[in-house]
Amino acid sequence: MTTTPTPPSEPRDPLLARYARQVRLDAVGVEGQHRLSHARVVLIGCGALGTVLANTLVRAGVGYLRICDRDYIEKDNLQRQVLFDESDIEAGLPKAQAAVRKLRRINSAVHVEGVVTDVNHTNIETLTEDAELLLDGTDNFETRYLINDLCVKTGRPWVYGAVVGVSGLCMTIVPGETPCLRCVFEQAPPPELSPTCDTAGVLGSVVNIIASLQAVEAMKLLMGRRDDINRHLVHVDAWSGRFVTMNVRSSSEPNDCPCCQRRRFPFLSGQRAVSTTTLCGRDAVQINQGTATSVSFSAMADKLKRSNACAVSFNEFMLRATVDGYELTLFADGRAIIKGTADPDRARSVYARYLGH
Ligand SMILES: [Zn+2]
């Protein structure tokens with residue numbers, strides 16, 4: 001009796017040969033790989049989750065990937081944003097372009113396109129009209145609700161992911177089959193009570209875990225394996241190694257969800273959109289929330305003090321802080337002025353990191 005394993009025959013098709021280890025999986029197979037190679041996906045946000053998602057899907061052989069991101073790469077991104085390195089920072093590349101350069105070197109068979117833009121209600125339909133799946137690599141509730149509005153309205157799936165600290169969440173949304181994001185989180189939590197990666201930190205490992213779970217869900221959707229989709233909200237604590245899957249199925253039963261039940265799409269129509277105004281001659285941008293909110297300055301000050309913000313002070317009318325060379329002024333109705341840039345996208349990014357949720 002021999003103990004030498006017989007080498008399995010490699011697929012003759014050169015396309016399949018590249019993905020031989022993946023094609024061999026019962027869950028994928030030749031048909032799954034072919035479906036993947038014809039799939040069109042849009043990734044919104046190419047930071048921590050986005051770089052892991054793009055890396056995984058391009059290596060897996062997705063057909064087409066459009067990457068939309070508004071930001072540039074900074075040194076403190078490298079701890080977790082796996083597609084970038086020090087030379088990208090020296091070259092001053094936007095994330096979407098640096099990601100495309102790297103991904104084309106990884107897999108030239110995948111059509112990868114980078115778009116340096118702030119995804120908002122004015123452009124999301126154009127950016128995603130040819131995609132069958134949207135992936136969430138964002139860092140804020142506003143853009144996630146925008147993606148949710150669009151996907152529910154057009155009946156396309158998307159995969160939500162979020163990380164902060166040592167934990168994260170992941171959920172697959174298939175309109176008409178699963179609860180939508182607003183079934184689960186009807187409103188975003190108050191910004192002063194919701195930490196961001198810039199105020200609370202983030203562990204690289206949890207980014208990889210959540211984005212990997214998102215990538216698996218994406219592959220199932222793209223390969224037409226709807227029955228295998230995880231229909232739970234998954235919570236991961238990477239430090240303790242604890243995974244909790246929460247049943248959100250009850251949310252899909254008749255409820256009062258403003259999005260998937262009442263079919264109102266205020267984030268997509270712009271009614272709930274954040275607006276920006278460049279303040280001429282002041283090197284500053286004003287950011288206005290779509291809806292008036294009441295901010296607790298003391299809670300926001302505590303949140304900012306846990307980040308690298310300095311000179312945090314407030315009175316009954318406004319809160320001020322300095323962070324990363326920008327002067328932030330926040331008013332009680334949620335309006336903010338970011339001084340130190342005239343670029344609205346840059347200002348929105350700073351707002352999302354430090355004052356948003
Ligand atoms: Zn819903």
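How many residues apart in helix H8 are Phe-141 and Tyr-145? The two lie 4 residues apart in helix H8 (residues 141-154), so about one helical turn separates them. Helices here are DSSP runs (H or I) of at least four residues and strands are DSSP runs (E) of at least two, both numbered from the N terminus.

This is a predicted model, in which local features need pLDDT of at least 70 and side-chain atom pairs count only at pLDDT 80 or more, while totals for chains, interfaces and linings use all residues. Residues are numbered from 1 along each chain as its sequence is written, and side-chain values use heavy atoms, with hydrogens and water left out.

**Aromatic residues**

A pair of aromatic rings is described by the distance of the centres and the angle of the planes. Rings of Phe, Tyr and Trp (its six-membered ring) pair if their centres lie within 6.5 Å; planes under 30 degrees apart count as stacked, over 60 as edge-to-face and the rest as tilted. The count by this rule is 6 aromatic pairs.

| Pair | Centre distance | Plane angle | Class |
|---|---|---|---|
| Phe-141 and Tyr-145 | 5.5 Å | 40° | tilted |
| Phe-141 and Phe-185 | 6.1 Å | 80° | edge-to-face |

Phe-141 lies in helix H8, whereas Phe-185 lies in the loop between H9 and helix H10 (197-200), so this pair ties together parts that are 44 residues apart in sequence. Burial is judged by relative accessible area (buried under 20%, exposed over 50%, partly exposed in between; 1.4 Å probe, protein chains only). Phe-141 is buried at 10%, and Tyr-145 is buried at 2%. Phe-185, at 22%, counts as partly exposed. One aromatic cluster is formed by Phe-141, Tyr-145, Trp-158, Tyr-160, Phe-185 and Phe-267.

Rings also meet charged side chains. A charge sits over a ring if NZ of Lys or CZ of Arg is within 6 Å of the ring centre and within 35 degrees of the ring normal. The charged end of Arg-40 is placed over the ring of Tyr-64, 3.9 Å from its centre. Arg-335 lies over the face of Phe-331, at 4.1 Å from the ring centre.

**The zinc site**

Donors are N, O and S atoms within 2.8 Å of the metal (3.2 Å for Na, K and Ca); water is not among the atoms, so sites may look incomplete. The zinc ion has as protein donors the SG atoms of Cys-180, Cys-183, Cys-257 and Cys-260, which lie 2.2 to 2.3 Å from it. The 4 donor atoms subtend angles of 94 to 121° around the zinc ion, so the arrangement is tetrahedral. Four donors count as tetrahedral if all angles lie between 85 and 135 degrees. The spacing of the donor residues in sequence is C-x2-C-x73-C-x2-C. Cys-180 belongs to the loop between strand S6 (167-173) and helix H9 (181-184), and Cys-260 to the loop between strand S8 (242-246) and helix H12 (266-269), so the pair ties together parts that are 80 residues apart in sequence. Cys-180 is buried at 1% relative accessibility, whereas Cys-260 is partly exposed at 22%.

**The two sheets**

Strands of a sheet pair through backbone hydrogen bonds, either parallel or antiparallel. Two strands pair if DSSP finds at least two bridges between them.

An open sheet of 8 strands has the order S3-S2-S1-S4-S5-S6-S7-S8, with mixed pairing. Its edge strands are strand S3 (111-116) and S8, each of which pairs on one side only. S6 and strand S7 (residues 233-237) are paired in the antiparallel sense over 4 bridges, and Cys-170 has Val-234 in S7 as its bridge partner. S7 and S8 are likewise antiparallel, over 5 bridges, with Leu-233 opposite Met-246 in S8. The hairpin of S7 and S8 has 4 residues between the strands, and in this hairpin Gly-241 takes a positive phi near 75°. Asp-69 is found in strand S2 (residues 64-69) and is buried at 9% relative accessibility.

A further open sheet, of 6 strands, runs in the order S9-S10-S14-S13-S12-S11 with antiparallel pairing. Strand S9 (275-279) and strand S11 (310-314) are the edge strands, each pairing on one side only. Strand S13 (residues 326-331) and strand S14 (residues 336-339) form an antiparallel pair over 4 bridges. Glu-327 has Lys-339 in S14 as its bridge partner.

How values were computed: Tetrahedral: all angles 85-135°; square planar, octahedral: opposite > 155°, others 65-115°.
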